[in-house]
Each structure stands twice: as C-alpha cells, then as structure tokens.
Amino acid sequence: MNFGLLRAVGNYGLMVNTIFGQFFNMQAALVISLVLSAISIPYYAKNKIWDTVAFITFMMCINLVSALNGVPGCSGL
C-alpha cells in the first residue's frame, strides 16, 4: 500500500475540507475530517513520527466530540 499517497490525499483533503466546513456545513466537515485524518496516520506510524500520530489522534477526538454534540452557532447535519 502506498502510505505516501494516503498521506497526501488526507492532508490535501483536509485543506479542501476546511473550506467546505467554513462555507457549507461544519458538522459534516468534522465527520469527513475524521476519515481524512485516519488515512494519513499509517504513513506517520510507519515512519515512527509519533508526535504527529499523537497530534492527529488528539484532533480526531476533538472533532468526533464536536461532530456528535454539535458545533455552537452551526446548524446540525
């Protein structure tokens, strides 16, 4: 499996997804960001970049809680 490609798709996808969340639907963008973040983790784990794995995992937890509980000031899914 090409982990570098997954990392690139995940990272560039997160940039595009930020625009989607800002202008269209923040809660849906949070759910999409969970998937995009998860596909980039294998690259960092394979290369033993543990601080980045920890950071991505931490941000995924925050995004999951926000997606489930709703984002203040945003309409739901």
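Phe55 sits in helix H3, which covers residues 50–69. This is a predicted model, in which local features need pLDDT of at least 70, side-chain atom pairs count only at pLDDT 80 or more, and totals for chains, interfaces and linings use all residues. Residues are numbered from 1 along each chain as its sequence is written, and side-chain values use heavy atoms, with hydrogens and water left out.

**Overall layout**
- The protein chain has three helices and zero strands (DSSP runs of H or I with at least four residues, and of E with at least two, numbered from the N terminus).
- Along the sequence the pattern reads α-α-α.
- Taken along the principal axes, the C-alpha atoms fill a box of roughly 40 × 20 × 15 Å.

**H1 and H2**
- The axes of H1 (residues 3–23) and H2 (residues 26–46) come within 8 Å and cross at roughly 160 degrees (lines fitted to C-alpha atoms over the stretch in contact, with angles from 0 to 180 degrees between N-to-C directions).
- H1 is therefore roughly antiparallel to H2 (an angle over 145 degrees).
- The contact of H1 with H2 involves 14 nonpolar, nine polar and two charged residues (nonpolar: Ala, Val, Leu, Ile, Met, Phe, Trp, Tyr, Cys and Pro; charged: Asp, Glu, Lys and Arg; polar: the others, Gly among them).

**H2 and H3**
- The axes of H2 and H3 come within 9 Å and cross at roughly 160 degrees.
- H2 is therefore roughly antiparallel to H3.
- The crossing of H2 and H3 is left-handed (the near helix is turned anticlockwise from the far one by less than a right angle).

How values were computed: Parallel < 35°, antiparallel > 145°, perpendicular 65-115°, else oblique.
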